[in-house]
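Please look over the sequence and the structure before reading on.

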Amino acid sequence: YDWLESSETGIQGNSGVKEYVLQISTATNFSIVNYSSTTVLSSATVNDISEKQYYWRVYTVDLASNANITLLTTYYSLIIDYSSPTVIKNNTWDQTMWYNSDPGTVFDVDFQDLGAGVTTGYYRVCTTPNGSNEIITWTPVFSVPSGTNSYTANWALSAGHWQLLSAGTNYFSIRAEDKVVLSTTVADMFVVLKDTVVPNAITN
C-alpha cells in the first residue's frame, strides 16, 4: 500500500505529522476493521490476508494526537485472490441415459470462487475424449461480470446445440473463470448419449 505524504499547516496549528494509520475492511463504511497498521512511512506491507474483496483507507495523526479520520470520505478497493475457481459435478442426473431429444436443464454442475468471485462458466463438446474432434467450441453457461461466490443453477444446452451433438457419445469439458482471470478446466467431465434413430423394422 502506498499513499501521498500528508502535511499540517495553517493558523489552527502546525505541530506536524506524527504517523499514518492504514485500515483494511470488508465493509465500505469500515464498521469492521480486518487489519490496521500504524507507520511513520507513506507506505505499508500487509501479509497473510485471506481471499476476498477489501477496502482500504489511511488517516493521519499529528504530534498533538489529532486524527483526521472523521474527514475521510475516500477509500480504495482491492481483491485478494490467488486460488483458481472450482467446478463441481453433482450426481443428480443419469449419465447412462440415452436421449432422443434435448434433455433441457438437467446439467447440475456448480461453479465456485470464494475470492474474487466466479464470472463465467463454459462448456465444450467433443466426439472423442481428451479434447479432440471438437463439435461445439467453448460456450458460456452463465456470465456475471461483477463476480459471484457460486453459481448453482442447473443449466441446459444453448439454442441449436442439441442438433450439433453427434450420434453416440458426446464428451463435455467444463471451464470456470474468476474476476482476476484465474481459470479451471475439467476435461471430459461428463458425457451425453444421443440416439435419434428408430430401431430397424422386424421383417421376419
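How do the residues of the lining of the largest pocket divide into nonpolar, polar and charged? The answer is given under the second heading, after a note on the model.

## Basis of the description

The structure is a predicted model, in which local features need pLDDT of at least 70 and side-chain atom pairs count only at pLDDT 80 or more, while totals for chains, interfaces and linings use all residues. Residues are numbered from 1 along each chain as its sequence is written, and side-chain values use heavy atoms, with hydrogens and water left out.

## The largest pocket

The lining of the largest pocket divides into 9 nonpolar, 5 polar and 3 charged residues. In this count Ala, Val, Leu, Ile, Met, Phe, Trp, Tyr, Cys and Pro are nonpolar, Asp, Glu, Lys and Arg are charged, and the others, Gly among them, are polar. Strand β3 (residues 52–62) provides the largest share of the lining, 5 residues; strands (E, at least two residues) are DSSP runs, numbered from the N terminus.

The space in the largest pocket is about 290 Å³. Among its 17 lining residues, Trp3, Leu4, Val58, Leu72 and Tyr76 are the closest to its centre. A pocket is an open set of points on a 1 Å grid over the protein atoms alone, where a 1.4 Å probe fits, with protein on both sides within 12 Å along at least five of seven lines; lining residues have an atom within 4 Å of a point. The grid points are joined across faces, edges and corners, and the volume is the space filled by probe spheres set on them.

Two strands pair if DSSP finds at least two bridges between them. The antiparallel pairing of β5 and β7 runs over 4 bridges, and that of β7 (residues 109–112) and β10 over 2 bridges. Phe111 of β7 is the bridge partner of Val87, and Tyr151 in β10 is the bridge partner of Phe111.

Another open sheet has 5 strands in the order β6-β12-β11-β8-β9, with mixed pairing. Here β6 (98–99) and β9 stand at the edges with a single partner strand each, so one side of each lacks a neighbour in the sheet. Strands β11 and β12 pair in the antiparallel sense over 9 bridges, and Ser183 in β12 is the bridge partner of Glu177.

## Nonpolar cores

The largest nonpolar core holds 22 residues, of which Val109, Phe111, Tyr123, Trp155, Ile174 and Phe190 touch the most other members. At least two residues of this core come from each of β7, β8 (118–128), β9 (132–148), β11 (168–178) and β12 (183–194). Apart from it lies another core of 12 residues, among them Val46, Tyr54, Trp56 and Val58. A nonpolar core is a set of buried Ala, Val, Leu, Ile, Met, Phe, Trp, Tyr and Cys residues joined through side-chain atoms within 4.5 Å; buried means under 20% relative accessible area, exposed over 50%, and partly exposed in between (1.4 Å probe, protein chains only).

Not counting residues up to four places away in sequence, Ile174 touches several residues, including Val87, Val109, Phe111, Trp138 and Met189; contact means heavy atoms within 4.5 Å.

## Individual residues

Val21 is placed in strand β1 and is buried, with a relative accessible area of 5%. Beyond neighbours within four places in sequence, its contacts include Ser36, Thr38, Arg57 and Val58. Val21 and Arg57 are 36 residues apart along the chain, and their C-alpha atoms are separated by 8.4 Å. Pro140, in strand β9, is partly exposed at 46% relative accessibility. Leaving aside neighbours within four places in sequence, Pro140 is in contact with Thr120, Gly121, Tyr122 and Ser158.

Two loop residues have a positive phi without being glycine. Phe30, with phi of about 55°, lies in the loop between β1 (17–25) and β2 (35–39) and is buried, with a relative accessible area of 7%. Ser65, with phi near 70°, is found in the loop between β3 and β4 (76–80) and is exposed, at 54% relative accessibility.
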